Amino acid sequence: MADPGGTRSTRFLRTTGQHASIEPDAFTEGGYVLSIGGAEQSHVNLAHPEEIFYEYLRRIGHLVDLAAPKSQPIKALHLGAGALTLARYVQATRPGSVQYAVELERELLDFVLQQLPLPDGTDLHSVIGDARDALADLDPELHFDVVILDIFSGPEAPAHLACQEFYQEVRARLAPGGLLIVNVGDEPGLTLVRSQAAAMRRAMTDVAAFAETGMFAGRYPGNIILAGTQTAWPETWTAELTVRGPHPAKVLAGVDLDGLSG
């Protein structure tokens, strides 16, 4: 387990040839930062897993909050595990949930679980492999209330994941009323965001985009969260997400999304 006294732990990741490190967050008691290749990748608060530090992950957490009644256990699939920040959040806010986490890098998942153990009672099934292959290999009777895809970072994204066909495969694994959440990290111009919003619109009944208000101008890099539903996007969700922030927050849905999705 990571040393609360301040020791930095490292692990070489054979798949990517990079080094991962976990070290305490000097500004958050109980907090740790996972970095890969020298770049911060995830933040975990072991003392309060219900508190999420990164803004884009907080936005995803708010969507998970709306996916089912408060405190009700859900089945969640995480495609891209990172430091399992969202898996910890789901367990903290919805005890008894059943979760699956797919991660391409075995050493990363082992490292995270060793250094930052999951809260007692967490029912998490880890799967090593490509997200699309792993989805196809899961028990066909298994369906999820929430699927979270957090793999895309920058304009270059795996073509076999960033496409309508993959989103259709994900939809087939959603429970009735299930929600698909996709984090898209992109550069100015939002080329990847636009292509993924369009692809998701062809696969899902409705799609909304949720981000810091200024992100939609496309002038600087950052994250936009896309949410795909199997029914019409609830207008009450737009109001709720806007209020919850982080602020300033904006949600585009319906005709308001047309300019982003082409």
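How many of the 13 residues of strand S9 (residues 174–186) are buried? In this strand, 11 are buried, where buried means under 20% relative accessible area with a 1.4 Å probe and protein chains only. Strands are DSSP E runs of at least two residues, and helices are H or I runs of at least four, numbered from the N terminus.

The model is predicted, with local features requiring pLDDT of at least 70 and side-chain atom pairs pLDDT 80 or more, whereas totals for chains, interfaces and linings use all residues. Residues are numbered from 1 along each chain as its sequence is written, and side-chain values use heavy atoms, without hydrogens and water.

| S11 (residues 222–229) | antiparallel | seven | Val184 and Ile224 |

Asp25 lies in the loop between strand S2 (18–24) and strand S3 (31–36). Asp25 is buried but forms no salt bridge, a term for a side-chain nitrogen of Lys or Arg within 4 Å of a carboxyl oxygen of Asp or Glu. The nearest side chain of opposite charge is that of Arg58, 11 Å away; Lys and Arg count as positive, Asp and Glu as negative, and His and the chain ends are not counted. Beyond its neighbours within four places in sequence, Asp25 is in contact (heavy atoms within 4.5 Å) with Gly31, Tyr32, Val33 and His43.

Methods: Buried < 20%, exposed > 50% of the residue type's maximum accessible area, 1.4 Å probe, protein only. Pairing = 2+ DSSP bridges.
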